[in-house]
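Q: I'm new to this one. Can you show me the structure, and then we go through it?

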Amino acid sequence: MIHSIIERVDMETPTTVSILFPWDQDVLPGQFVMLWIPGVGEIPISLSHTGRIKGITVKKFGPTSTAITELKAGDRIFFRGPYGNTFRKTEGKTLIVGGGSGMAGLLPLITQESHGVVSARTKEELLFADRFSQEKLTIVTDDGSMGTKGFAVEGLKTLDLDEFSLMYICGPELMLKSILDYIADKEIDADFSLERHMKCGIGVCDSCSMDGLQLCTQGPVFPKSALLKSDEFGKERISISGKRVRL
Amino acid sequence: MANIDTIITGIRLANPLMLASGILDENGYTMKKILEAGASAVVTKSIGRVERTGYRPPIIAEIPGGLLNAVGLANPGIDNFDHEVEIALQAGKPIIGSIFGGTPDDFLYVGKKMEQYGASALELNLSCPHVLGVGSEVGSDPELVEEIIGELKKKIKIPLWAKLSPNVTDILKIAEAAQKADAFVLINTVRGMAIDIYARRPVLSNAYGGLSGRAIKNVGIRYVYQIRKETGKPIIGVGGIETHEDAIEYIMAGATALEIGTGVYSRGKGIFSEINKGLSSFMESEGFSSINDMVGVAVQ
Ligand SMILES: Cc1cc2nc3c(=O)[nH]c(=O)nc-3n(C[C@H](O)[C@H](O)[C@H](O)COP(=O)(O)O)c2cc1C
Ligand code: FES
């Protein structure tokens with residue numbers, strides 16, 4: 001295990017914090033670490049900060065993520081990684097689409113030029129919307145408390161996708177699926193960052209697999225072309241016991 | 001080209017390299033991918049009678065020379081596994097069903113279903129070291145082993161492979177108890193553990209785990225050699241195989257076929273075709289015309 005001392009903790013939403021820590025390691029946008037809370041558990045977390053100081057942005061959910069959100073500056077954190085692949089690069093304008101805490105892994109990709117579609121259940125849960133300039137931001141909330149009401153794909157429908165050379169998307173798989181379906185016959189290309197159960201992070205346990213590929217070593221980022229051919233994407237996955245379940 | 005096919009308990013394998021139980025063999029699509037990458041067969045994850053979620057992560061630690069794991073026999077339960085076998089069978093190669101249980105009745109229930117699903121053989125996990133009441137508890141009790149295998153032999157038609165644990169005082173005693181099996185699989189993981197000195201506690205949530213990979217290769221070679229010499233039974237060698245030299249060492253110690261687990265993690269899915277290439281050129285330059293010509297040549 002690698003360990004580091006937390007330098008800063010930022011509250012991002014009422015349930016989401018960013019934890020910043022020094023780590024002398026090159027990491028790429030899209031990559032993740034397996035973060036260990038001794039005595040509680042270990043979960044995969046995308047790196048939201050990939051510069052000299054590294055960072056993760058975590059939403060309170062299960063026991064391990066809840067324990068992470070309770071960490072303070074000066075506490076020690078344990079992790080292993082970096083694991084996984086990265087996003088393709090492009091010269092042109094990018095469209096960044098994040099659902100809920102999915103925005104965390106997309107943060108390093110945001111530039112002055114990028115347009116954001118930031119979606120969450122409610123306006124309080126919108127993550128990193130303030131990182132985009134006003135005129136390049138589309139907000140979508142499930143409950144309509146801010147921006148367009150509905151799921152992320154509703155935000156896309158308000159935009160002219162031909163303006164962009166590449167889309168970066170991260171969020172729950174069903175959100176990704178609805179976006180894939182929407183852009184399937186459109187010109188625009190896209191990289192999707194997937195989230196599935198990960199027990200090992202190193203391509204051994206098979207818990208994260210899709211179409212025989214391991215999200216932890218061969219993903220988590222997949223291009224539109226790969227997902228269009230997929231047998232399992234947006235449909236089925238393997239549960240923590242190994243049981244095939246519908247998404 | 002040297003001929004690298006082999007026959008184990010009547011099952012013809014295009015090459016000696018199978019995927020070992022517990023590594024990338026829970027999802028049918030993954031098993032199919034591994035078969036397409038050159039494995040001659042896959043052994044499924046060990047499946048039991050009922051669904052188990054296993055231990056909570058950390059379930060694995062990367063250590064010098066291999067891996068330490070305590071997955072805790074996570075499995076969907078045999079009744080939920082039919083579809084995975086069906087998908088894996090699409091590759092047109094043998095699927096070996098690994099099964100575990102606490103009683104002869106458990107083994108029989110799960111084994112029957114595996115046979116119905118289309119498995120070519122059953123691999124009996126008598127040796128999983130990390131669940132109380134099953135695994136090593138079963139595999140270190142000669143009477144229970146004999147009873148389980150005797151019961152299965154009466155009611156199952158496909159070959160039975162008994163996978164033995166190296167974590168016993170006298171492996172020969174267990175091999176004798178398992179003598180009705182058609183082949184032995186040697187070895188399962190070796191008991192081990194790792195402590196994080198900054199967290200001041202064991203890394204694995206279960207504390208104890210099983211060691212695999214390079215670190216255990218010479219333990220495996222020793223047991224394959226000993227059991228081959230003492231029993232003459234067909235053996236499937238497993239433990240730390242990463243190169244064609246490792247594979248040949250196991251074959252010369254007495255293995256007719258091999259399984260690779262941790263090597264898939266350290267070398268990637270290409271490991272099967274790489275080793276097969278090396279195996280074939282070694283056989284040509286050393287004048288072996290078949291795998292069978294090499295099996296056990298080192299045994300004195
Ligand atoms: C993560 C992991 C899970 C395993 N699960 C099983 C299992 O369910 N049943 C079993 O018989 N062996 C299991 N094993 C043991 C392997 O099948 C094999 O006997 C052992 O790892 C030695 O081979 P290797 O060094 O090539 O990995 C597991 C090994 C690993 C690393
Ligand atoms: S998390 Fe275990 S294979 Fe990906």
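A: A term to begin with: a polar contact is a pair of N or O atoms within 3.5 Å. Also, this is a predicted model.

Q: Where does ligand 1 lie?
A: Ligand 1 is placed between chains A and B.

Q: And which residues are closest to it, out of how many that surround ligand 1?
A: The closest are Ser21(B), Ser46(B), Gly213(B), Gly240(B) and Thr262(B), and 22 residues surround the ligand.

Q: What classes of residue make up that shell around ligand 1?
A: The shell has 13 polar residues, eight nonpolar and one charged.

Q: Back to polar contacts. How far is an oxygen atom of ligand 1 from a polar backbone atom of Ser21(B)?
A: That distance is 2.7 Å. A backbone N or O atom of Gly261(B) is 2.9 Å from a ligand 1 oxygen, and for Ile187(B) the corresponding distance is 3.0 Å.

Q: How much of ligand 1's accessible area does the protein cover?
A: On its own, ligand 1 has 610 Å² of accessible area, and the protein covers 96% of that. The space taken by ligand 1 is also the largest cavity.

Q: Different topic. How many disulfides are there over all chains?
A: The count is zero.

Q: Is Cys170(A) buried or exposed?
A: Cys170(A) counts as buried, at 3% relative accessibility. Cys205(A) is buried as well, with a relative accessible area of 11%; the cut-off for buried is under 20%.

Key:
Residues numbered from 1 in each chain as written. Chains lettered and ligands numbered in written order. Predicted model: local features only at pLDDT ≥ 70, side-chain atom pairs only at ≥ 80, totals over all residues. Heavy atoms only, no water. Near = heavy atom within 4 Å. Polar contact = N/O pair within 3.5 Å; in protein donor to acceptor, adjacent residues only side chain to side chain. Areas by Shrake-Rupley, 256 points an atom, 1.4 Å probe, with all protein chains shown as cover. 1 Å grid on protein atoms, 1.4 Å probe; cavity = no way out; pocket = protein on both sides within 12 Å on 5 of 7 lines; lining within 4 Å. Sits in = over half its atoms within 2 Å of the grid points. Nonpolar A, V, L, I, M, F, W, Y, C, P; charged D, E, K, R; others polar. Disulfide = S-S within 2.5 Å. Buried < 20%, exposed > 50% of the residue type's maximum accessible area, 1.4 Å probe, protein only.
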